[in-house]
Amino acid sequence: MSERLAASGGVGSGVRFRRIVCGIDGSEEALTAARQAVALAEEGAELWGVSAWDPGVAVHAGIHAARVAEDLRNAAAAALARAREEVPELQPVRVRGRDVPALLDVVAELRADLVAVGSHGRSRVAGILLGSVASAMAHYAPCAVLVARAAAGFPGTILHANDGSAESLDAARVAGRIAAAHGSTVATMHVRENDGGTIAQDAVAILEESGREPILRVEQGSPGRALCEAAASIGAGLVVIGSRGRTGLKALGSVSEHVAHHAPCSVLIVRRPEHPERDDD
């Protein structure tokens, strides 16, 4: 099993992964997401595997609705059982409802820091409109999101998206922490959309604090496309990118959205949790 991330301060402070929800649907992609979530989890973190079954689907079976509903419940239970065999750290949660809203409800209820889902390869527009779980989490989750794709030796080489924003600095802290824990090479990439602008050095300094000397890349062009091309060229296993907080259809065209859907490797969208305060009395 991959080494857990140290729960100390310093480079890794800010966004922490102590409460992690993994979407489980019986697919290999979901198992990949769960395994990679363990690699990103901090020491002592709690991880939940969530599988949803939708009784509304059974209604279309007519007189066989009860049997179909039971089959759906059993399939969700079987998916969780298999996931626990592969990733024993997962605490199983079976919920009733459609996959996207059910998973978002659990993320909110558990006040998760990270939700991990597998990528099934849908296009970004179709994914949003048709309810792809990965697309929905990238757009609507109130916390960091891992869109997982299979890769040997995850996380391998890490590519950090650097634009000097507060969000990219959060991402740099996370990337440095992951790189330090796994002995990964880390590259930080600054993309200029024109000939002007200066390189954002604060993220470079943060990565250096992790003890891993970052490779600095500077490109010109469309940030989303350039990051995906760079990930492919360096054989990255993980892209770490900050989120500006845009959600839903308004996020179409954002850099993090583009990279999450088009990168050839796993993508970690670093987003500070925004769970509403609640009264537990």
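**Entry 1**

I looked up Arg82 and found a relative accessibility of 33%, so it counts as partly exposed (buried means under 20% relative accessible area, exposed over 50%, partly exposed in between, with a 1.4 Å probe and protein chains only). This is a predicted model, in which local features need pLDDT of at least 70 and side-chain atom pairs count only at pLDDT 80 or more, while totals for chains, interfaces and linings use all residues. Residues are numbered from 1 along each chain as its sequence is written, and side-chain values use heavy atoms, with hydrogens and water left out.

Which side chain meets Arg82 in a salt bridge? I found Glu28, at 2.2 Å from N to O. My rule for a salt bridge was a side-chain nitrogen of Lys or Arg within 4 Å of a carboxyl oxygen of Asp or Glu. Side chains of opposite charge can pair when their charged atoms come close. Glu28 is partly exposed, because its relative accessibility is 44%.

I noted 10 salt bridges in the structure. One of them joins Glu42 and Arg177, with the closest N and O atoms 3.6 Å apart. This pair links distant parts of the chain: Glu42 is in the loop between H1 and E2, Arg177 is in helix H7 (residues 166-182), and they are 135 residues apart. Helices (H or I, at least four residues) and strands (E, at least two) are DSSP runs, numbered from the N terminus. Are Glu42 and Arg177 buried or exposed? I found that Glu42 is buried, and Arg177 is buried too.

I also found Glu219 and Arg217 meeting in a salt bridge, 3.1 Å from N to O. Through salt bridges that share partners, Arg16, Arg18, Glu42 and Arg177 form one network.

**Entry 1: rings**

I then checked Arg177 against a ring: its charged end sits over the ring of Phe17, 5.5 Å from the ring centre. For this, NZ of Lys or CZ of Arg must be within 6 Å of the ring centre and within 35 degrees of the ring normal.

**Entry 2: helix H4**

I listed the buried residues of H4 as Val100, Ala102, Leu103, Leu104, Val106, Val107 and Leu110. What do they pack against? I found strands E1 (19-23), E2 (46-53), E3 (90-96) and E4 (114-118), along with helix H6 (133-140). Just after H4, I saw that Arg111 takes a positive phi of about 55°.

I found His190 in strand E7 (residues 186-192). His190 is buried, because its relative accessible area is 8%. Its side chain reaches the backbone oxygen of Asn162 at 3.3 Å.

I ended on Ala231, in helix H9 (residues 223-234). With a relative accessible area of 2%, Ala231 is buried. Which residues does Ala231 touch, not counting those up to four places away in sequence? My list has Leu159, Ala236, Val239, Pro264 and Cys265, where contact means heavy atoms within 4.5 Å. Ala231 and Met189 are 42 residues apart in sequence and 10.0 Å apart in space, C-alpha to C-alpha.

Note on methods
Polar contact = N/O pair within 3.5 Å; in protein donor to acceptor, adjacent residues only side chain to side chain.
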